Structures are given as structure tokens and as C-alpha cells.
Amino acid sequence: MALFSSSALSARFLQGMSWCRRHPLRASLASALCLLLLFDQFFPPPIPVDAPGLVVVARDGTPLRGWPDADGMWRFPVTPDQVSPKYLDALLTYEDRWFYWHPGVNPLALGRAAWQWLRHGEIISGGSTLTMQAARAIEPVPHSLSGKLRQILRAIQLELRLSKREILTLYLNHAPMGGIVEGVEMASRSYLGKSATQLSSAEAALLVVLPQAPSRLRPDRHPELAQKFRDKVLRRMAHLKHWSTAEVEDALIERVGANPPRAAWLAPLAAERLHQAARRDRASVRGSVSALGKTSIEATVVRSTLDREVQTMLERMLSDKVGQLPRFVSMAALVMDSKTMEVLGYAGSADFSDARRFNHVDMVRGIRSPGSTLKPFLYAMALDDGIIHSESLLADTPQSFSGYDPGNFQANFSGPVSVSEALQRSLNVPAVDILDRIGATRFTARLSSAGLRLRLPKNAEPNLSVILGGAGTSLEELVGAYRSLAMGGMAGTPRITPDAPVREARMMSAGAAFIIRNILESGGHPDQPFVEADNSGVRLAWKTGTSYGFRDAWAVGVSGRYTLGVWIGRPDGTPNPGFFGANVAAPLLHQIALALPRSEPLTQVRPKDVGVAQICWPLGVAANNTAAEHCHQKRSAWVLRDTIPPTLPDRLRARSLVETIWTDPISHLRTTPACHPQATQREVARWPALLEAWLTPQQKMELGLVPWSPDCPQINSVGSIRLMGLQQGSRLRTVPGKNDIQVTLDAVGGSGQHYWLLDGRQVALGQKKRQTFIISTAGAHSITVIDAAGHVASLSFTVDKK
């Protein structure tokens, strides 16, 4: 059975027609509403949907770098709460006082505008509401009657779909401001160089009137006309008593002027890094503009940890420095808050505008040879292992480690050095010696577990070269590792966004971190107070590094609450002769440390397991446990957990450094009881065999290291190499008219490579067993030869000049 019969339907239709005749106005409104709802359903307004534009901002909200929306416009999304109240007051008062009461259109304003147009033949006032202006901003229409009707229709649709706050937000972010600039925040930053939260009365009035004619009123192109229209807004605010007369009079004095909008980017490579991350994950931090249903009007806002002032300072310093560098050389610098691990300054290249310097290559993350920057971690590991203290005796001499023959950067050797001296002077041989005893694989694993991963060639295993830069890492990882010197041995991963996870790992004990930092900061002398050389009050514990072939120059350190690092070189790996960490990277690191904002430094309290002890060379143990005659040098050392390890075992003499010797009481030459029953016996503290070449003749005499008696075989001889061609203690005199003298010596015995040293400085290396020296200075000299097995022979002589 049908629900309604045809007769019933006819009756209802007739009743409806009768009602329409009795109530024509209501019927017309109902029909219009039905049509509007149908139009809105099938022709919705083009509210922007998930604009793919992106803005990276500093920790204070300052834009660092932006990417345009899909339509190529530059916007910075804000909400009404993020705009100056002065601007909102002027906007609503001047443009639409009835904004919160009308349904999208104001009939009275439209009627007034139409009457003025008919009476004067030109537009006197627009009559558009803010909703209508927002509708036109998202869907431009022609300046015609049909265009106005379409604008009105879209305004009503917006009122049906959105709240007043959402409509106001739509206008704030899409109002045309000239060229490709849209929205009050981007206009404020582009023309005025400040956030829209900081607008003065005059600036607020200027940005209110700018959308009326964005091209004609641009303050950078037409400041006089812009000022004329701005003043109109100001006087309206005074007339309506929204602003006081005094306030408006002060605002009228301000001159309008602005620089053309330009891409004044900060931290461009850091921003690009975050941009790429956001593209991979659109769930990155969003802007605070409220979502409009399933749609959104905002671009993605990625908040970084970067400090605008620190970043500006960092880029300015690199810009000042880059002019002193050769073509194609770039730089990178990183500043991190040691406590929070937040990156405050990030410069990935020297000059982002200079393609010749590989401007788009981010060398904060570039993998490069770290040179000697890993040495602090090696000595810290040896401290924790209990095999050294800060003044342990090391041998800076030519040595061969299973075929690996390291040399020093300055191509000379110093002989006996302490751990503190070896680290401060970045000596290579002592570091390789320590690594050989600890193990390269174990050392590399420790670094990796703390976040400093060394990249080795494919299928390669860690070897002794890693401590001199024979692997790759990045500035970012180095800074994270050096953080351990400021935070009790805990390394960390630098964080560039506030929501990045906090990752820490132990690199060394708190005691080892204190000792290593003290060495790098003040020389490691517990018996000497720290004195800042330049009286700046800034204390910096720093280390440099130079990779093979002068390809990379590094300087990394900790100062106050900051951990910072600098890299200088060519991203393509081309060498830069003469560029090393100490002369190009270290000065920049110090300048950055001095320029960083002063703040409460991290408290550096000496850990309870760090003590001070007096030790003696050459044995290396506590002075109060060493016989007076065996204490050749007394030193003050930092010790960890009351452990005072002796000098490392001698690689050439597999016996104790305390040795019994016999001398002939008549000739005072060395002998044995078998040769001379009346020989004088005494115990001496010998230096490691490799270091005896650096002893003075007087020191050798005191130790009994005198020549063997010809009546007794040299059964205790250290090695099998001798120097021939000159007698020990000879005095040489220059030929009249000559300023130098030539000395030729032959090495008898020995094997493999021969290291030839003149006064402790290496002058030759190779298989040659004959070497000629040119001596040009008067006084005492010494020549030493050391073979690949560590056998040593040396002689001293004196040169007199006429």
C-alpha cells in the first residue's frame, strides 16, 4: 500500500502553495536558504588544504628559512593570539567593526558603498567585511558586479563552515601584502624585520591598510603613498577613541620605509636538514594554527633548538674569515649546550651564496678524517685502565710498530715526555704506543658505543692508524663526544629539535674526564694555578687535528656550558698545504668561544677519586716509595683512584728499569765481576732504552752508562748498532772562511729503516747507513741513529767557530 496516494500528495501541494501565497517573504527566504545549502554542498569554498610549505624557526620562533606553499607564496602561519593586539584592534576597527555580529556580509556597509558609488561615480568605501576579504584572498575574483556577488556568496559559505576565530586566522595568513608575500607575520618580518607580536601603533596601521592595494602601497616601493594611507588609519583610530590622541600623534611622526623583501636566511643548511626530515615524515612538529575540520590552512612549522643570536654571530664570524681563505675552501662550525645537548649554532658551509665553496655541502655531517682529535679519548681510556697517570713517562722517539712507523707533525722527536705533554703537543708516537697497548679494536668499539662511529674502508679492520686520522667521522659526532669532558664523561648526540630524543652514553669516567679536561685547558699541572693568558675569563679546553695531506683542519673543545667545534677544508678532499688545525681552525674556535653569551658555567668539581701525587722519573711511581738516588726528576701528577702505575714496560729491554751495574774503580769504565773482581757495584734507575739517546753526557755518567772496558766483553749491550767516523766528545773547528762544518757518519750494524737525528730532530729516514750532516751553529751537538728494531747509538761533539 502506498504511503501517500496521488490525491493526498496533490492536497499537500495545494496547501503548500496556499501557505506561500499567504507568506511570500518567508517562502522566498526559505527557498534562498535551500539554494544556498545546495550550492555550498556541491560548490564548497576553496579553503586551503594541507599547504606543503614549510618554515623552520629558531628557539624563539624567529624564521630561519622557509619554503613556499604549492602556489609559490611565502607565508608564516599565525593565530590571533600570536599577533599584536594593536594590529587586531586597528584591523577590526578600521576594516570591520561588526565582524563578530554579521553573517559574512554587512548590508548597511554594502548599501552605503553602493549609494556612494551611484552618487559620486566612483568607489568611496568598499563595504567588504573581513570575511569577504578572506574569501577573496583564497579565491580572487574580478572587480565587477558578478565578482562582488561571488565574493559575498563565498563569505556566507565561510560563515556556515568556520568559526569567527578561524575566519580571522584565515585572513591573517592569506591577506595579500605585495608580491609573493601573504599574511601579516610574513609581511612584518619582510618589510619591518620583526615579528607581528612586536608591532608599534604606526606599524600596525601600515599593515592593516596594505592589503587594500598591495602593489600601490608597498612600503619598499611607494613609502609616501603608504604613509598617507597609514595616517588615515591612525586618524580613524583617534576619531573613534580607540587610541589616544597622544599615541596617534607620536605614531604620525614615524616615517614609512622598508627594505625590499629578500631571503635573509639563517642556518640555511640546518634548516634544509630539517626540511628534508619533514618531507620524510609529515608528522613533524606542526604550526599552532588550529585545524579547520579535516582541512588546514597552515604550512608546517618546524621548531629548532638554534639560538638566533648565536647563529647570527657564528655566520658573521665565518663570513669574516672566509675572505682570508683560498678559493674553494669551506668551513663548518657547531655550538652545542653541553647540558641539554641542544644545538645553538649550526653553520654547515662557509658561505651559502658561494657555489665555488661547495655551499650546499653540509660539512657538519660530512665524513672526514679527524686527524689527532681522538687522542683525548685514548688517554682517558688508558687512565681508566690504570696504565698511566697524567705524568707517566712516554717515549717520543722513532719507533716501528709491526711495520707501522709513525712520525710527528713537526718531523722531529722530543725524547722523554709526559702524558700531559704528549696530549697538549699532540705527539703521534706516544699516542700510537698507548693505542698499541690498549688495542685498536677495543678503542674503536668504545668510541662507537659512545656515539662516535669511525668509518673504515670496506672490509678493513681497526688498526693503529685510527688514532692519527686513519678513519672517518663527522664534526657533529666529534662535538657530541667532546661533550664528555664537560659532563662527567658522558658523551651525547647533538639535538637540533626540542623533541629530539636525549641520547647519552659513557665515554670515560668522571675522573678521567676531569684530568683530560685539565690537561687541555691548563696544561695538567696540579701544582700550578690556572692563569688565563688573555685575561678574558673564558676557559677553553681544546684540541686540534690535521688529516693526512692537509685535507682537514679541526679544532674542538668545551668552554663554560658550551661544546663547540670547527672544521676547515675542501669538501672534495683536495689538500690545502700549510692549513692545519693549530693555525687556521684553533684561532676561529677561540674567537667563537669568546663571543658566546656569558652564562652560568657548568660546575667543575674535582671528583673524589681524582688525587694529586708526587712521582719520580724514570720509574714513574710515587716519590715517597722511590729511593732518592732513583728519583731523577720529580713531578706533580693527577692520579685516578689512588693508582700510580709505573712507567710502561720497555719495548727493548724485557727487565726492570732498576738495574745493577759494575764499574772499574780505576778506569771508571763499565765492567762485570768476571772481568774485574774488585768492580764497584751499585743499583741505578735506567731510562727506557729508547730514551737513553736523549740523556746528556752528564746524565749518562751519573747512571753509569759509560763505555765498556776494553778488557771486558759487552755482554749487556743494549743493541747492535754503532756510529763510526767521529769519536765521542770530539771538538770540531770550522775551516777559515767557512761558516759551517760537514760531518759524515756510518752506522755499523742495525737493520731496516734508520732514523737519523741531529740534536733530537729527525733529519733523515731510510735504508742508508751513511749520512752527512751540515752543522752551521757553534756549541754542543749530538747525532743519534735508531734502527727499525729500536737499537740506538749516539755520540756528542762540540763545534767551535773561528
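User: What does the side chain of Asp89 make a polar contact with?
Analyst: One partner is the side chain of His242, at 3.2 Å. The side chain of Asp89 also makes a polar contact with the side chain of Trp243, again listed at 3.2 Å. Keep in mind that this is a predicted model.

User: Which residues does Asp89 touch, leaving out those up to four places away in sequence?
Analyst: Met237, His242 and Trp243.

User: And where does Asp89 lie?
Analyst: In helix α3, which covers residues 85-95.

User: Where is the place of Ser474?
Analyst: In a loop, the one between α17 (440-449) and α18 (475-482). Not counting residues up to four places away in sequence, Ser474 touches Val364, Arg365, Gly366, Ile367 and Trp554.

User: Now the nonpolar core. Which residues in the largest one touch the most other members?
Analyst: That core has 90 residues, and the ones with the most contacts to other members are Leu374, Phe377, Tyr379, Ile434, Phe443, Ile467 and Ile516. Apart from that core lies another of 53 residues, with Ala90, Ile167, Tyr171 and Ala204 among them.

User: Back to Tyr379: what does Tyr379 touch?
Analyst: Leaving aside residues up to four places away in sequence, Tyr379 touches Ile388, Leu394, Val419, Ala422, Leu423, Pro430, Ala431, Ile434 and Ile516.

User: Last topic, sheets. What's the order in the open sheet of 3 strands?
Analyst: β16-β15-β17, with antiparallel pairing. The edges are β16 (670-671) and β17 (680-685); each has a single partner strand, so one side of each is left without a neighbour in the sheet.

User: How many bridges are there between β15 and β16?
Analyst: Strand β15, residues 658-663, pairs with β16 over 2 bridges, in the antiparallel sense.

User: And which residue in β16 is the bridge partner of Trp662?
Analyst: Thr671.

User: What holds strands of a sheet together in general?
Analyst: They pair through backbone hydrogen bonds, either parallel or antiparallel.

Conventions
Residues are numbered from 1 along each chain as its sequence is written. This is a predicted model: local features need pLDDT of at least 70, side-chain atom pairs count only at pLDDT 80 or more; totals for chains, interfaces and linings use all residues. Side-chain values use heavy atoms; hydrogens and water are left out. A nonpolar core is a set of buried Ala, Val, Leu, Ile, Met, Phe, Trp, Tyr and Cys residues joined through side-chain atoms within 4.5 Å. Buried means under 20% relative accessible area, exposed over 50%, partly exposed in between (1.4 Å probe, protein chains only). Contact means heavy atoms within 4.5 Å. Helices (H or I, at least four residues) and strands (E, at least two) are DSSP runs, numbered from the N terminus. A polar contact is a pair of N or O atoms within 3.5 Å; within protein, one must be able to donate a hydrogen and the other to accept it, and residues adjacent in sequence count only if both atoms are side-chain atoms. Two strands pair if DSSP finds at least two bridges between them.
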